[in-house]
Amino acid sequence: MKLWRSVVGKLWMTIIILVAVVLLINGVFMGQFLNTNFANSKDQEVSMQKLASKVAQDLKRHKEDTSYMSAVNELLAAQDAALVVLDGKLSESFSAPISATLPKFKALDIFSQEQLDKVVRGATEKRIFIDPNSGLRFLAVAVPQTAETVGSTGGLVMIYQTQMTLNYTQAYFQNLFIIAAVIGFLLTTLFAFFLSTKITQPLIQMKKAADFITMGEYRTRVPVSSSDEIGELAQTFNHMTGRLEETIHALNHEKEHLASVLRSMTDAVVTLDASGSVILTNPQGERLVREWHDLEWSDTDSFDPEKRPIPVPLQQLFESVVQDSTEMTSTIHVRNSVYSVVMAPLYSGESLRGTVAVMRDVSEEYRLDKLRKDFVANVSHELRTPLSMLQGYSEALLDDIVSTPEERHDVAQVIHDESLRMGRLVQDLLDLARMEAGHLEMHYGPVEMNALVMRVHRKFLALCREKGLSLLVHFDPEQIDLANADEDRLEQVLTNLLDNAIRHSSEGGKVEIRINALTLNGIPSVKMQVSDQGQGIPKEDLAYIFERFYKADKARTRGSSGSGGTGLGLAIVKNIVEAHQGMIAAESEVGHGTTFSITIPNLSA
């Protein structure tokens, strides 16, 4: 940093200029004083020349007058001057006594022989000289003295006087001013740099402390070395730093608290600036933003991560919030997920600086709500058909539309079958509700799987023969047992699967039951399979067949014989298998039948 730009340089230059101005003003006034009170060299020369000429003229008349010469001598002595009179041969004809403080000079000590000759011939000579012994400065004037008689040679009169005139005084004061200026320059320089340690050093320390504070060192303090204004400034600076540290600590604490709240939220939070750029997210929001940015949108022109970093699903809602400057709520669908979004504007003073969006994954709630609506619709549909048949056939009995006993028996049989069908539907609904609520009553114990399969085989054998189907059983020759299972529930599983297989098989088809023991992931297990050669299930429906009331054959209608399913069998089977910590899967090909595979771990109680 240049010296004149620093505080020391400015202070130094200020003091130097101030001293120079004071010396200049003092010199001006001193010069005026000297001009007023001291005679200059020219005036002294004129005065001495007149006095010498006057003395030269008066010597003709008062040469022998002792009193006159004494008066001249006293007059000259009072003025630190002396008189020397020479005759025509340059011999000293008169020399008055002089003051003890004034040196005595001869004419040849001051003037040369040639100069004196000129004076004798009528010239006037003047000279300023310095006495080498005393160091005094003298002014000497020599004037001619005319002869008393014609034809004789005259002499000369010389007067010399100490020169304490203006020029000498001015030179003296000039030297004095130069010395004073040099001393003043040195003193001001020392004084300025001395002040730098007292003034600028604390300021430099404050600057360094401020630099540390800008780098985050809020505990930096400035040493207080005095009790003057600089010390008070240092104390104020330290107090300000302390308050700043407390404020920063409080802000960091509040920031950490807010960050903890955001991190612990299960909802996704995304903050956008006024241009739509993502500026702040919590972990859940960051995950959603990354996932949505990685998706391939159909409208690729409307999304560019470089130019428009706002996630595409939020773009329309963001534009609406910015335009209307009001909070909005919406539901967005992204792939197989559903999100409830609440977006509100953020203000900085009066201007809108961005928005904040809170997103909650409501896919499960949306799915459950859809299941609830589907459940109500399906139950209504399933109950409407038997109720309509019960109402219609009962009205036929009441109105005597059927008259013969055979017709009455047929109508009563239909009413009985539909009532049984409604009972099965209600029972299945109750069982499924208890299973999904975790209140399914299970009776665990050892189960002989061979005996269980044969019992189920005997139950459906007559029905298969009636429909022209073959029912085959395949299992290992060795006895297969489950150490801890509910025999009645496993029988319900096989019953539901066989019921579906028989209903969807055509005459001449074959239904098979396979059971065998295996080890799965190091755990002994039992695998059961039920296969048919029916119409099969489309691939797009396989993922949904275990849902309540889902029917792969959407064109199939319920018959009046009561043999139609309730649409709950596979859902009940899945819940029973999962209650045994097992797995169920289905493989099917349209026109070639379906195979259900169940794997249950053989775990001890």
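# Close-up views of a predicted model

**View 1. The surroundings of N282.** N282 sits in the loop that joins β7 (278-281) to α8 (283-294); helices (H or I, at least four residues) and strands (E, at least two) are DSSP runs, numbered from the N terminus. The model is predicted, so local features need pLDDT of at least 70 and side-chain atom pairs count only at pLDDT 80 or more, while totals for chains, interfaces and linings use all residues. Residues are numbered from 1 along each chain as its sequence is written, and side-chain values use heavy atoms, with hydrogens and water left out. With a relative accessible area of 2%, N282 is buried (buried means under 20%, exposed over 50%, partly exposed in between; 1.4 Å probe, protein chains only). Residues up to four places away in sequence aside, N282 touches L262, R263, M265, D267, A268 and V269 (contact means heavy atoms within 4.5 Å). Between the C-alpha atoms of N282 and A259 there are 7.7 Å, for a separation of 23 residues in sequence.

**View 2. The whole chain, for orientation.** The chain contains 14 helices and 17 strands. Its length is 605 residues, of which 36% count as buried. Among contacts with a separation of 6 or more, 60% join residues 24 or more positions apart.

**View 3. The largest nonpolar core.** This core has 44 residues, and those with the most contacts inside it are M449, L482, L497, L498, M528 and I598 (a nonpolar core is a set of buried Ala, Val, Leu, Ile, Met, Phe, Trp, Tyr and Cys residues joined through side-chain atoms within 4.5 Å). Two or more residues each come from the helices α11 (405-436), α12 (449-467), α13 (487-503) and α14 (569-579), and from the strands β13 (481-485), β14 (510-520), β15 (523-531) and β17 (593-601). The largest share, 7 residues, is that of α13. M528 contacts M449, L494, R514, I515, F596, S597, I598 and I600, leaving aside neighbours within four places in sequence. Another core, of 20 residues, lies apart from the largest one and includes V270, V289, L317 and M343. In soluble globular proteins, nonpolar side chains tend to be buried together.

**View 4. The packing of α12 and α13.** The axes of these helices are 10 Å apart and meet at an angle of about 25 degrees (axes are lines fitted to C-alpha atoms, for helices over the stretch in contact; angles run from 0 to 180 degrees between N-to-C directions). That makes α12 roughly parallel to α13 (angles under 35 degrees count as roughly parallel, over 145 as roughly antiparallel, 65 to 115 as roughly perpendicular and the rest as oblique). The crossing of α12 with α13 is right-handed (near helix turned clockwise from the far one by less than a right angle; left-handed if anticlockwise). On α12 the contact is made by M449, L452, V453, R455, V456, K459, F460, L463, C464 and K467, and on α13 by E487, L490, E491, L494, T495, L498, D499, I502 and R503. These residues comprise 11 nonpolar, 1 polar and 7 charged (Ala, Val, Leu, Ile, Met, Phe, Trp, Tyr, Cys and Pro count as nonpolar, Asp, Glu, Lys and Arg as charged, and the others, Gly among them, as polar).

**View 5. The packing of α13 and α14.** Here the axes come within 9 Å and cross at roughly 150 degrees. That makes α13 roughly antiparallel to α14. The crossing is left-handed. From α13, R489, Q492, V493, N496, L497 and N500 take part in the contact, and from α14, G569, L570, I572, V573, I576 and V577. By class, there are 7 nonpolar, 4 polar and 1 charged residues in this contact.

**View 6. S325 and Q581, two residues with positive phi.** S325 is not a glycine, yet has a phi of about 55 degrees. It lies in the loop between α9 (312-324) and β8 (328-334). S325 is partly exposed, at a relative accessible area of 34%. Q581, also a residue other than glycine, has a phi near 60 degrees. Its place is the loop between α14 and β16 (583-589). Q581 is exposed, with a relative accessible area of 58%.
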